[in-house]
Amino acid sequence: MRNRTATAYGFLAPYLLIFASFWIWPIVYSFWLSFLATRQLPWTFRPEMTWGRLPQDPAFLNALKNTLLILVVQVPVMVALATVLAVLLNSQLLRARGIMRFAFFAPVVVGEVAYAAVFRLMFTADRGIVNKLLEGAGLPTVDWFSNPTAAMALIIMAVTWRWAGYNAMIILSGLQSIPDDVYEAATLDRVSPFRQFLFITLPLLRPVILFCVVLSVIGTMQLFAEPFLITNRGGPGGATETLGLFLYRQGFTVLNFGYASAVAYTIAGLAVLISLLNIWLARDRA
Amino acid sequence: MRSKSTRRLRRQVALHAVLGPLALVWLFPLWMMAVFSTMPENGIFSPEIELLPSNQFWANFQALQAETGFLRTLFVSVVVALVMTALSVMLTSMAGWALVRYRFRAKWLVTALIFGTLTLPYFVVVIPQFIMVARDLGLSNTWFALIVPPLFNSLGVLFMRQAFSMMPAELFDAAQVEGVKEWQIFTRVAMPMAKPTLAALAIILFLASWNNYLWPLLIASEPGMMTAPVALGTLIGVNRVSWASIMTGAVLLTLPMILVFIFLQRFFIAGITAGAVK
C-alpha cells in the first residue's frame with residue numbers, strides 16, 4: 001500500500017489537467033469577468049456595467065421573460081407526456097413495440113442543426129408541408145414565423161419533439177425497476193389500472209420524474225440552437241429570443257465578455273434556484 | 001372470464017388508438033427529412049401535398065457538395081468525434097479507476113468538484129474557454145480547439161467509477177500481490193471487465209461530439225475546419241443552396257446515428273439512463 005497517493009494522482013493527472021484548465025479556471029474567471037466592463041481596453045472593475053445593467057436592459061428582460069415562459073409551459077407538458085409515453089410503452093398489451101419505441105426514441109440521436117432545419121422547412125408559412133396539411137384538412141393556416149405566439153408555440157413543439165423520448169427513456173428504466181408483485185397484489189385487490197398508475201406508479205417514479213424535471217430545467221435555461229436556427233435569431237422581433245441566444249449575441253457577436261458572463265451566471269443561478277424549488281415541492285411529506 | 005378478455009381487448013385497442021397516431025406524428029419530421037432530401041428543387045413548395053420520396057437525392061447532394069465541400073466537413077466531424085471519444089473514454093476511465101481503487105487525502109474534494117459540475121450550465125465556462133483558446137492561445141480553426149476543450153465530462157467518471165466499484169477488489173489485490181504493476185492491473189484486468197460500460201460511454205460521447213454545435217460554431221468557422229453541423233447551420237435561412245440540398249446534409253448527419261441507435265440500442269439506452277437510475 002505504499003505510495004498510493006502518487007499512483008492515484010498519476011491516474012488522475014491527465015483528467016484533472018483538462019478539468020482545471022477548461023472548467024475550474026473558466027468557472028472562476030467568468031465569475032470575475034462578470035464584474036468587468038469589457039467594451040473597451042483596459043477592462044475595468046465596473047459591476048454597474050454588467051450586473052447593474054441587467055435589470056434595466058429591455059433586451060435581457062425580454063429574453064428572461066421568454067425563457068421563463070418556455071420553461072413554465074414546455075417542461076411540465078413534456079415531462080407529463082414522457083411519463084404517459086413511458087407507461088404506455090411499458091404495457092404488456094403493446095404490439096409493434098420496436099417501431100413504437102423507435103418513433104419516440106429516435107429524435108434523441110438527431111442533432112440540433114438537422115432537426116432545426118427540418119422544422120424550419122416544415123413550418124414554412126407559404127406552402128410549407130404543415131400549412132398544406134392544415135389547409136387540406138380545412139383548417140386555417142398559421143404564419144409560424146411572423147406571428148409571435150405561433151413562433152413561440154413552434155419552439156415549444158420542436159423542443160418537446162426532440163426531448164420527450166429522452167425523458168420517456170429515463171422514466172421507462174425507472175418503471176422497469178418497480179417489482180411486478182406490487183401490481184399483481186393490486187390487481188388481485190381489483191384496483192383499476194388507472195388507480196394503479198395514480199397510487200402506485202407515480203409515487204414510486206417521483207425521484208426519476210424529478211430528475212427529468214431538473215435536467216429539463218437546466219436544458220431549457222440554455223436553449224440556444226432552436227431560436228437561433230428555427231425562428232431565425234429569435235424572431236419575429238425578439239419574440240423567441242432566449243437567454244442563451246442573448247448571451248450568444250453579447251458574448252460572441254458584440255464580444256462584450258463581461259456582460260455575457262453576468263448573463264451566464266444569471267442562467268446558472270436561476271437553474272439552481274428553479275431546480276431546488278422543484279426538489280422542495282416534491283419532497284417527501286411523510 | 002369472457003368479460004375479462006373483452007376488457008383486455010378494449011384496453012389494447014385504446015392503447016394503440018392513442019399511441020399509434022402519436023407515433024406517426026413523432027416519425028413525421030424524420031420521414032419528411034428523408035422525403036425532402038429526394039425531391040426536385042421546386043417540388044418541396046409545390047401546391048400539392050407530397051409525402052413520398054422522389055429520386056433526386058444524388059443531384060441534391062452534388063449541389064450541396066459543390067457549394068460547401070460538405071464531404072470535408074463530414075470528415076472533420078468524424079475525426080473530431082473519434083479522437084474526442086477515444087481520449088475522453090481513456091481520461092475518464094483513469095479518473096474513475098483512481099477514485100475507486102485508491103485512498104488519498106483530497107479524494108472527497110476531487111470527487112465533489114467533478115460531480116459538482118454535472119449540472120452546471122455550459123454557458124458558465126464557454127466564454128473563458130473562447131477567450132483562452134481563440135484570443136490567448138490563438139488556436140481558432142485547429143484540431144486542438146475542436147477536440148481538447150470538450151474533452152472534460154463528469155458523466156464518464158460517474159459511469160466508470162460505478163463500473164469499477166462493482167468489480168471485486170480482491171481480484172486487483174491478488175494481481176498486485178503477484179507483482180503486476182498498477183497500470184497493468186488497470187489496462188489488462190479492470191478495463192476488459194468494463195467493456196459494456198465502455199461501449200455505452202463511447203456511444204454517448206461520440207453522439208455528443210457528432211451533434212455538438214455551439215463550441216465548433218464559435219471556434220472553427222474557416223471552411224477547412226468547419227464541422228458538418230456548423231456548415232449546415234450556415235446554410236439555413238440564406239439562399240446559397242436549395243432546401244432539398246440542405247435536407248441531404250441533414251440526412252447524412254442523422255442517418256449514421258439512427259443506425260447506431262438501431263443496432264446498438266442496448267448500449268445506447270444504458271448510456272442515457274445510467275445517470276438517472278443511481
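What percentage of the 278 residues in chain B is made up of buried residues? In this predicted model, features of local structure were considered at pLDDT of at least 70 and side-chain atom pairs at pLDDT 80 or more, whereas totals for chains, interfaces and linings use all residues. Residues are numbered from 1 along each chain as its sequence is written, with chains lettered from A and ligands numbered from 1 in the order in which they are written. The answer for chain B is 46%, where a residue is buried if 20 or more other C-beta atoms lie within 10 Å of its own, exposed if 12 or fewer, and partly exposed in between, with C-beta atoms placed from the backbone. For chain A, 45% of the 286 residues count as buried.

Chain B has 14 helices and 0 strands, in the order α-α-α-α-α-α-α-α-α-α-α-α-α-α along the sequence. Its radius of gyration is 24 Å, well over the 19 Å that the globule rule gives for 278 residues, so chain B is more spread out than a compact globule. That radius is taken over C-alpha atoms, and the rule is 2.2 Å times the number of residues to the power 0.38. Helices (H or I, at least four residues) and strands (E, at least two) are DSSP runs, numbered from the N terminus. Chain A, in turn, has 11 helices and 2 strands, running α-β-β-α-α-α-α-α-α-α-α-α-α from the N terminus on. Taken along the principal axes, the C-alpha atoms of chain A fill a box of roughly 75 × 75 × 35 Å, and for chain B the box is roughly 75 × 75 × 35 Å.

Two residues are in contact if their C-beta atoms, placed from the backbone, lie within 7 Å. Among contacts in chain B between residues at least 6 apart in sequence, 74% join residues at least 24 apart; in chain A, residues 24 or more positions apart account for 70% of the contacts with a separation of 6 or more. One example from chain B is B:Ala63, which sits in helix 2 (residues 57-68). B:Ala63 is buried, because 20 other C-beta atoms lie within 10 Å. Neighbours within four places in sequence aside, B:Ala63 is in contact with B:Val241, B:Ser242 and B:Ser245. B:Ala63 and B:Ser242 are 179 residues apart in sequence, yet 8.4 Å apart in space, C-alpha to C-alpha.

The two chains meet through 67 residues of chain B and 74 residues of chain A. Elements giving two or more residues to the chain B side include helix 1 (2-37), helix 3 (70-101), helix 10 (195-211) and helix 13 (243-263). Helix 1 of chain B gives the most to this side, with 14 residues. By class, the chain B side has 53 nonpolar, 11 polar and 3 charged residues; Ala, Val, Leu, Ile, Met, Phe, Trp, Tyr, Cys and Pro count as nonpolar, Asp, Glu, Lys and Arg as charged, and the others, Gly among them, as polar.

The nonpolar interior was examined as well. A nonpolar core is a set of buried Ala, Val, Leu, Ile, Met, Phe, Trp, Tyr and Cys residues joined through C-beta atoms within 7 Å. The largest has 180 residues, and those touching the most other members are A:Val118, A:Ala168, A:Ile171, A:Val263, A:Ala264, B:Phe36 and B:Ala250. Helix 6 (residues 148-175) of chain A gives the most to this core, with 15 residues. The core also draws at least three residues from each of domain 1 (2-57) and domain 2 (69-235) of chain B, whose bounds come from an automatic or database domain assignment. The C-alpha centres of these two domains lie 38 Å apart. Residues up to four places away in sequence not counted, A:Ala168 touches A:Ala82, A:Leu85, A:Ala86, A:Leu89 and A:Phe104.

Finally, a few backbone details deserve a look. Most residues other than glycine have a negative phi, and most peptide bonds are trans. The peptide bond from A:Leu41 to A:Pro42 is cis, with omega near -10 degrees, and A:Pro42 is found in the loop between strand 1 (36-37) and strand 2 (44-45) of chain A.
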